[in-house]
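Colleague: I would like to go through this model feature by feature. Please give the general idea before each case.

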Amino acid sequence: IPFCEVLVQTLGFDWVLLFLQTHLHTSTVILGMRILLVLGCAPSLVQRFREGSSNGGWLTDVEFHLAHNKMSVLASPQVSKSRDLRHEALTVPGFQHLAWLLPAHIRIQQMYFLLIALLMGQPVKHLPAESKLELELDNIWDFVFGMPVEHSFSKVSKCITICQEAISVLLRMVRSIMNGIQEDKCLEGHPITLIQFLFILYHNMSSDFMPVFITPDVLSSLVSTLFPFSESVSLTEHPANKFVMDFLRSIVVDSLSLPVTSKSSPI
């Protein structure tokens, strides 16, 4: 953890996110996500990533060098063509930035496993074996928890730290597949598997996950999977549509038993 603190303080989270850029090689993207997962093991660092409050360390003294060396060329999204530092880019919340980047990597199987590990707060050390890279419920569960999916949920519940923003990022990837941003038959079953995985967590660990899924951000992310990115008035026709609707129905029905206060958000 001390090393992680120093890394974030010295370079910043946005330096790590540079390794998730859309034009980079798959192996680089996977390594970048693994670094982010290691940093995500510390709750204090996750909070800073969430807030976008620890960015730009790697750009220290850049303005000085830009002012004194007009020939400098910095290949960075934080530096505009006029070579002026865009300070507003240094305050983008980390999970929002991640939601922009990961839909471009929906063909990389490892990204789903790593993002789910981040979602559950599980510090996994190794990638799934080649034989278990298929995005299936058993493989996901075994990778994250090291036990079969039918194992006692009470044991799993004791060791998780839920990151609700990571759920929204995962649902953003689901939406990208369901609405055909990158049409690929190999990806067609991914949304169903991922929605089923989230529903299993919601259904079997409701005390942990129900409060998360009724938050406006996560609920709106789940609903948005049904809508194309275009201005089409019709819902997506992806087979996962039914699973999303069933999930939403369960949330609505369960919410009817919740106590209502003046500060409660409507479902």
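Predicted model: local features only at pLDDT ≥ 70, side-chain atom pairs only at ≥ 80, totals over all residues.

Colleague: How many helices and strands are in the protein chain?

Modeller: Helices (H or I, at least four residues) and strands (E, at least two) are DSSP runs, numbered from the N terminus. Here the protein chain has 14 helices and 0 strands.

Colleague: What share of the residues in the protein chain is buried?

Modeller: Buried means under 20% relative accessible area, exposed over 50%, and partly exposed in between, using a 1.4 Å probe and protein chains only. Of the 267 residues in the protein chain, 47% are buried. As for contacts (heavy atoms within 4.5 Å), take those in the protein chain with a separation of 6 or more: 71% are between residues 24 or more positions apart.

Colleague: What is the volume of the largest pocket, and which residues are closest to its centre?

Modeller: On a 1 Å grid over the protein atoms alone, a pocket is an open set of points with protein on both sides within 12 Å along at least five of seven lines, whereas a cavity is a set where a 1.4 Å probe fits but cannot get out; lining residues have an atom within 4 Å of a point. Points are joined across faces, edges and corners, and a volume is the space filled by probe spheres set on them. The largest pocket holds about 330 Å³. It is lined by 15 residues, and Phe 95, Ala 99, Glu 165, Ser 168 and Ser 221 are the closest to its centre.

Colleague: Which elements and domains supply that lining of the largest pocket?

Modeller: At least two residues come from each of α6 (94–101), α10 (164–178) and α13 (216–224), and α10 gives the most, with 7 residues. Domain bounds come from an automatic or database domain assignment; domain 1 (1–70 + 82–105) and domain 2 (128–257) each contribute at least three residues to the lining of the largest pocket.

Colleague: How many cavities of 30 Å³ or more does a search of the whole structure find?

Modeller: The search finds 2. The largest cavity has a volume of about 60 Å³, and α2 (13–17), α4 (43–51) and α6 each give two or more residues to its lining. The contribution of α2 is the most, at 3 residues. The second largest cavity has a volume of about 50 Å³; for its lining, α4 gives the most, with 3 residues.

Colleague: How many disulfides are counted?

Modeller: A disulfide is a covalent bond between the sulfur atoms of two cysteines. The rule asks for a pair of cysteine sulfur atoms within 2.5 Å, and the count is 0. Cys 163 counts as buried because its relative accessibility is 4%, while Cys 186, at 64%, counts as exposed.

Colleague: Where is Ile 214 found?

Modeller: Ile 214 is in the loop between α12 (206–213) and α13. Its relative accessibility is 22%, so Ile 214 counts as partly exposed. Leu 248 is 34 residues from Ile 214 in sequence, and their C-alpha atoms are 9.9 Å apart in space.

Note on methods. Residues numbered from 1 in each chain as written. Heavy atoms only, no water.
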